Amino acid sequence: MPTNILLDAIRTPRGLKWGVPAMLLAIPYFLIAAILVQAINDGGPAWLNVLVLLSIWNGLKMLWK
């Protein structure tokens, strides 16, 4: 997954300077999750729940660093 590749690059000594900017990538993931939840509540297909879980998981991975 792209987030795992990014996190592996950040966890190197040279990548530490990108830690805080990478944490900011969690914001779009949570925004996507909120938009998908709203679409589901408005009558969207139930399979979008999988994308909600995936985007929340990736957002939490970015926050945890």
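Tutor: In H1, three residues are buried: Thr3, Leu7 and Ile10. They sit on the same side of H1, because they cover an arc of only 60° around the axis. Now turn to the face pointing away from that buried side. There you find the exposed residues Pro2, Ile5 and Asp8. So what covers the buried residues of H1? The cover includes helix H2 (19-23), H3 and H4.

A word of caution comes next. This is a predicted model. H1 spans residues 2-10, and its mean pLDDT of 73 is the lowest among the elements of the chain. Helix H3, residues 26-41, has the highest, at 95. For the chain, the mean pLDDT is 85. In the chain, 94% of residues reach 70 or more.

Now step along to the loop between H2 and H3, where Leu25 lies. Buried would need under 20%, and exposed would need over 50%. Leave out residues up to four places away in sequence, and Leu25 touches Leu6 and Met62. Leu25 and Asn58 are 33 residues apart along the chain. Their C-alpha atoms are separated by 9.3 Å.

Next, look at the core. The largest nonpolar core has five residues in all: Ala33, Leu36, Ile40, Leu48 and Val52. H3 and helix H4 (48-64) each supply at least two residues of this core. H3 gives the most, with three residues. There is a general pattern to keep in mind here. In soluble globular proteins, nonpolar side chains tend to be buried together.

Take Ile40 from that core. What does Ile40 touch, not counting residues up to four places away in sequence? Its contacts are Pro45, Leu48, Asn49 and Val52. Of these, Leu48 and Val52 are also members of the core.

Ile56 is found in helix H4. Its relative accessible area is 32%, so Ile56 is partly exposed. Again leaving out residues up to four places away in sequence, Ile56 touches Phe30 and Ala33. Ala33 belongs to the core described above. Compare the position of Ile56 with that of Ile40. The two are 16 residues apart along the chain, and their C-alpha atoms are separated by 15 Å.

Finally, zoom out to the whole chain. How many helices and strands does the chain have? Its secondary structure comes to four helices and zero strands. Read along the sequence, the pattern is α-α-α-α. The chain is more spread out than a compact globule, because its radius of gyration is 14 Å, well over the 11 Å that the globule rule gives for 65 residues. Along the principal axes, the C-alpha atoms fill a box of roughly 45 × 20 × 15 Å.

Burial and surface come next. Of the 65 residues, 26% count as buried. The accessible surface of the chain comes to about 4,700 Å². Carbon and sulfur atoms account for 75% of that surface.

One last value concerns contacts along the sequence. Take contacts between residues at least 6 apart in sequence. Of these, 64% join residues at least 24 apart.

Key:
Residues numbered from 1 in each chain as written. Predicted model: local features only at pLDDT ≥ 70, side-chain atom pairs only at ≥ 80, totals over all residues. Heavy atoms only, no water. pLDDT = per-residue confidence, 0-100. Core = buried A, V, L, I, M, F, W, Y, C linked by side-chain atoms within 4.5 Å. Buried < 20%, exposed > 50% of the residue type's maximum accessible area, 1.4 Å probe, protein only. Contact = heavy atoms within 4.5 Å. Arc of directions from axis to C-beta. Rg over C-alpha atoms; globule rule 2.2 N^0.38 Å. Areas by Shrake-Rupley, 256 points an atom, 1.4 Å probe, with all protein chains shown as cover.
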